[in-house]
Structures are given as C-alpha cells and as structure tokens.
Amino acid sequence: MNFTILTLFPEMVNAGLHESIIGRAIENQTISVNAVNIRDFSEDKHKRVDDYTYGGGAGMLMQAEPVYRAIQSVRTEQKKCRVIYVTPQGLPFHQRMAQDFAKEEELIFLCGHYEGIDERVLEECVTDYVSIGDYVLTGGELAAMVMIDAIARLVPGVLHNEISAETESFQGDLLEYPQYSRPRVWHDREVPQVLLSGNTRDIRAWRLEQSMKRTKSRRPDLYEKYEKLQEISKKLSRKKIYHMDMIEGISRGYLSLVEEDESGCVLISSDERYYYHACYEPQTETFIVPKTLDKNAIFVEHSTYCAFGEDCKEYLIGALTRREKLPIRGLYCEDGKKGSAGISIVPYEKAHEALIAKWGLNPGDMTLAFVACYQDIPSAVIALQRDGSIGQLYVEPSLRRKHIAMALVTYLCNKMLENGQVPFVYLPKEQSDMQELYKKTGFYVSADSICMIQPQEGL
Ligand code: ADE
C-alpha cells in the first residue's frame with residue numbers, strides 16, 4: 001500500500017513515520033510513504049504558496065494552484081485514488097474508517113497550514129474530509145501521521161502476528177484487558193494468579209471479564225452496544241451453525257446493529273459492504289429492509305424464506321465448533337514444515353502476489369493467508385477473510401487429490417482456534433466435494449442455505 005502526503009513540512013512526516021513498526025514496514029516494502037513538498041509546485045520566485053483571503057479576515061490561506069499541481073503530480077489518470085484532506089471540519093476518524101482505508105492500494109493525504117486551503121481546489125480534488133478529533137492543531141501533518149499509523153498496521157504483513165490486529169481495543173465493542181510482564185511482583189502488586197496458571201480457557205475467560213468491567217466503567221457507551229449485540233448473539237445461537245457467520249462477526253467486532261424487531265435483526269459489517277439479516281423464528285416471512293440499504297452492498301439473507309427470489313447465490317454454512325486443535329494426521333510437520341506427504345505451509349507474503357493474481361484470487365479480502373508448497377513449490381492458498389470466513393482456497397489443478405487442501409484447512413483452523421476464533425466457511429450449495437472436504441476435517445454443515453445478493457440486482 002502506498003501513502004503519499006502532500007505537505008509544507010515533508011521532514012516532519014518522514015521523521016515521524018520512518019521509525020519502529022511503520023519504519024520496518026517501509027524498509028521491507030510492505031508499504032511506502034512518500035512525503036511531497038507542496039512548495040515545490042509554487043510558481044512564485046520566492047516559492048510562496050499562501051496569500052490573503054478574499055473578504056478579509058485574519059491569517060493567510062494556501063492557494064489553489066500549487067496544491068492542485070502537487071495533487072496532479074502524484075495522481076495519474078489510471079490511478080484515480082482517494083484524496084483525504086485532514087481538517088478539524090472532517091468526519092471523525094475511527095477504527096472502522098481505518099479498516100475501510102486499509103483496503104485501498106493508494107492514498108493521498110493533503111495537509112493544510114495557515115488558515116486552510118482555497119475551497120476551489122478542495123471541491124475539485126478531495127474525496128474525503130477527515131478529522132482526528134474536536135481540537136485544532138497547527139497543521140494537518142500530525143493528524144495525517146496518526147491516520148497513516150492506524151491504517152498501515154491493518155495492512156497484511158505490517159504486524160507480524162496479524163491476528164493480533166483483530167483482537168485489540170475497539171474490536172468487538174470492548175476495550176482491551178489489562179496486561180502484565182515481569183517481574184511477578186512490582187511495588188507489592190502481584191500479577192493476577194490466573195495468568196500464571198497456564199490454563200488458556202481460564203485466561204481467556206478472565207480477560208473477557210476484565211474487558212467487560214473496564215469497558216463498562218470507562219466507556220459505558222461502547223458497553224451498551226456490546227450488551228445489545230450479545231443478546232442478539234444469544235438469539236442467533238438457537239440455530240448456531242446456520243448463524244455462525246453472524247455470531248462470529250459479532251464476537252470479532254466486525255458487525256454492528258442496524259435494526260431489530262421481534263421478527264429478527266439486520267447487522268452491518270464494519271466496512272459497510274455487507275448487510276446480514278436473520279429471522280428469530282424460522283417461519284417468519286416478515287422482512288426488515290434497512291432504511292439505509294446501500295445499493296452496492298451485498299445482502300446476506302439467513303432465512304428459509306428468501307425475499308430476493310431465485311437469482312441469488314446459495315450457500316450452506318460450515319462451522320468447526322470444537323475447541324481443541326485438529327490433528328495434523330501427517331499432512332505436514334509442526335509449524336508447517338515439510339512432512340512425508342511433501343507438503344509444507346508458509347505465511348503468504350508479497351512474493352506470492354503474482355501467483356495469487358494468476359489464480360484469480362483477491363488479496364484485498366485476505367487478513368491472514370497461508371500458501372502450501374508441494375515439494376517446495378508454492379501450489380495452493382487459503383485465507384481468513386475480512387468477514388471472518390475461511391475462503392479463497394485454491395489448489396493448482398495438476399496437484400489436486402494430494403490432500404493439500406485438507407492440510408491448508410487444518411493449518412488455518414488451528415491458527416484460528418489458538419486465537420479463540422470459531423472457523424466457519426460459506427460452502428456453495430452445489431459444490432458437494434467442497435462440503436465433503438470440510439465435513440471430513442470436522443466441520444458441521446448447516447441443513448438450510450443462506451443466500452447472498454446485491455440488492456441492485458434483486459430488488
Ligand atoms: N488539522 C488541524 N486540526 C486537525 C484535526 N483535529 N484533525 C485533522 N486535521 C487537523
């Protein structure tokens with residue numbers, strides 16, 4: 001992912017973003033950060049970029065032309081990317097917005113100074129107005145740096161343990177639990193006993209309880225949302241496998257509530273790409289169409305009665321509800337090393353990009369992906385997708401029937417189980433071989449199907 005910052009103070013941005021985790025990601029080319037000096041685009045012989053405001057008033061304004069030329073210099077016709085103007089007048093920046101921006105390949109940040117920027121160039125070029133809070137800074141640089149840091153850490157490969165990006169503060173409407181390191185006793189304060197027990201289930205339960213307590217006292221607004229969604233999750237659990245995508249989406253903080261009545265609920269994904277509808281009673285034919293339904297969004301309908309007719313894609317839901325890890329069965333060795341079956345498993349990295357493109361897969365939707373090598377040659381891939389489902393399972397056609405798919409499913413499921421996630425998958429209704437593969441691995445498969453549809457096609 002490439003970040004370009006248009007600024008009068010490129011050194012400030014470079015100094016702030018070339019350190020630590022973001023600095024390392026730049027060094028290993030997972031992301032790039034390019035600070036461009038707007039002053040270089042001034043036609044004035046003194047390189048001035050500001051002037052007085054028409055109509056009077058205190059302070060100077062950045063002129064339209066140098067800003068316009070700076071934008072044009074980094075944005076080509078082919079690369080029509082988002083241009084974000086950082087301003088206290090923008091929409092408040094939050095984690096969901098960071099997730100949305102993290103899906104882009106290119107982002108341009110425009111930093112203002114003085115009293116701001118001539119309105120006309122903003123109207124012509126800016127796609128997003130974003131603020132980092134209700135206070136006024138001396139310029140946009142610090143705000144851009146804050147946003148770039150929050151976005152970059154969501155780009156696959158920036159954090160080494162990528163699942164961790166999903167289990168921190170602000171995921172699941174709960175704040176993170178307290179953490180401790182050595183020494184065991186410090187200033188007479190002891191590390192809570194449970195953390196020394198080695199019992200992962202107890203530790204997880206304790207952490208959840210602490211997260212709830214902390215959220216309730218520090219952020220009652222978030223806690224209220226959390227409780228409401230927990231109630232919904234409980235109702236959905238009456239038909240657990242069928243609703244596993246929604247239950248997991250709630251638990252991972254990927255879904256929030258749009259509407260609920262006695263017949264069911266509608267949830268929306270954090271990237272606003274998906275709406276999920278569920279009926280609390282299977283027979284209900286009442287149907288909530290959310291007032292805010294976006295025509296580009298995909299509707300995931302969990303109901304035996306589908307209001308969209310016959311054109312939609314039908315899926316069964318497969319879920320692995322056990323908590324113990326799956327047996328490896330000699331498919332590969334510990335840590336994915338090559339076993340007697342000739343299969344090894346490695347994390348997906350940039351070097352695999354061309355292969356993924358050749359296989360027609362979409363790296364943008366992957367949050368965690370693994371590549372299987374057969375006799376050391378990359379031959380297959382699997383991903384944990386943004387919505388929490390397992391997907392993008394692909395095996396080179398010439399290497400099928402060698403248990404490579406089974407090895408990848410096992411490996412990814414075990415990673416997810418280590419993180420307390422429930423593996424689930426959307427299985428196309430007509431692909432019985434795929435259903436068999438997951439059943440063999442230990443998944444339960446729903447009896448009823450869900451359907452996915454884009455409202456603009458179906459309504
Ligand atoms: N520029 C000045 N203040 C700002 C803020 N709070 N957010 C974003 N950009 C800014």
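Visitor: Is D335 buried or exposed?

Guide: D335 counts as exposed because its relative accessibility is 59%, where exposed means over 50% relative accessible area, buried means under 20%, and partly exposed lies in between, with a 1.4 Å probe and protein chains only. Please keep in mind that this is a predicted model, in which local features need pLDDT of at least 70 and side-chain atom pairs count only at pLDDT 80 or more, while totals for chains, interfaces and linings use all residues. Residues are numbered from 1 along each chain as its sequence is written, and side-chain values use heavy atoms, with hydrogens and water left out.

Visitor: Okay, and where does D335 sit?

Guide: D335 lies in the loop between β14 (313–319) and β15 (343–347), and its phi is near 60°, which is a positive value in a residue other than glycine. The names of strands and helices come from DSSP runs numbered from the N terminus, with H or I runs of at least four residues for helices and E runs of at least two for strands.

Visitor: What about Q392, what is its phi near?

Guide: The phi of Q392 is near 50°, again a positive value in a residue other than glycine. Q392 belongs to strand β18, and it counts as buried because its relative accessible area is 15%.

Visitor: What do they touch?

Guide: Not counting residues up to four places away in sequence, R386 touches Q99, K103, R252, Y254, D271, G364, D365 and T367, where contact means heavy atoms within 4.5 Å. With that rule about sequence again, S389 touches A383, L384, F424 and Y426. The side chains of S389 and D387 are also joined by a polar contact of 2.7 Å, that is, a pair of N or O atoms within 3.5 Å, of which, within protein, one must be able to donate a hydrogen and the other to accept it, and residues adjacent in sequence count only if both atoms are side-chain atoms.

Visitor: Switching to helices, how do α7 and α8 pack?

Guide: Helix α7 and helix α8 (residues 220–236) pack at an angle of about 130°, with their axes 6 Å apart. Axes here are lines fitted to C-alpha atoms, for helices over the stretch in contact, and angles run from 0 to 180 degrees between N-to-C directions. At that angle, α7 and α8 are therefore oblique to each other, since under 35 degrees counts as roughly parallel, over 145 as roughly antiparallel, 65 to 115 as roughly perpendicular and the rest as oblique.

Visitor: And which residues make that contact?

Guide: From α7 they are L208, M212, T215, K216, S217 and R218, and from α8 they are P220, L222, Y223 and Y226. By class, this contact has six nonpolar, two polar and two charged residues, where Ala, Val, Leu, Ile, Met, Phe, Trp, Tyr, Cys and Pro count as nonpolar, Asp, Glu, Lys and Arg as charged, and the others, Gly among them, as polar.

Visitor: Tell me about T215, is it buried or exposed?

Guide: T215, which is found in helix α7 (residues 200–218), counts as buried because its relative accessibility is 0%. The side chain of T215 reaches the backbone oxygen of S211 at 2.5 Å, and among the residues that T215 touches beyond four places away in sequence are D173, L174 and L175.

Visitor: How about α1 and α6, what angle do they make?

Guide: Helix α1 (residues 10–17) and helix α6 (residues 141–152) pack at about 30°, with their axes 10 Å apart, and they are therefore roughly parallel to each other. Their contact is made by M12, V13, G16 and L17 of α1 together with E141, L142, M145 and I148 of α6, and those residues divide into six nonpolar, one polar and one charged.

Visitor: Last one, where is the cis peptide bond?

Guide: The cis peptide bond joins R182 and P183, with omega about 0°, and P183 is found in the loop between α6 and β8 (185–186).
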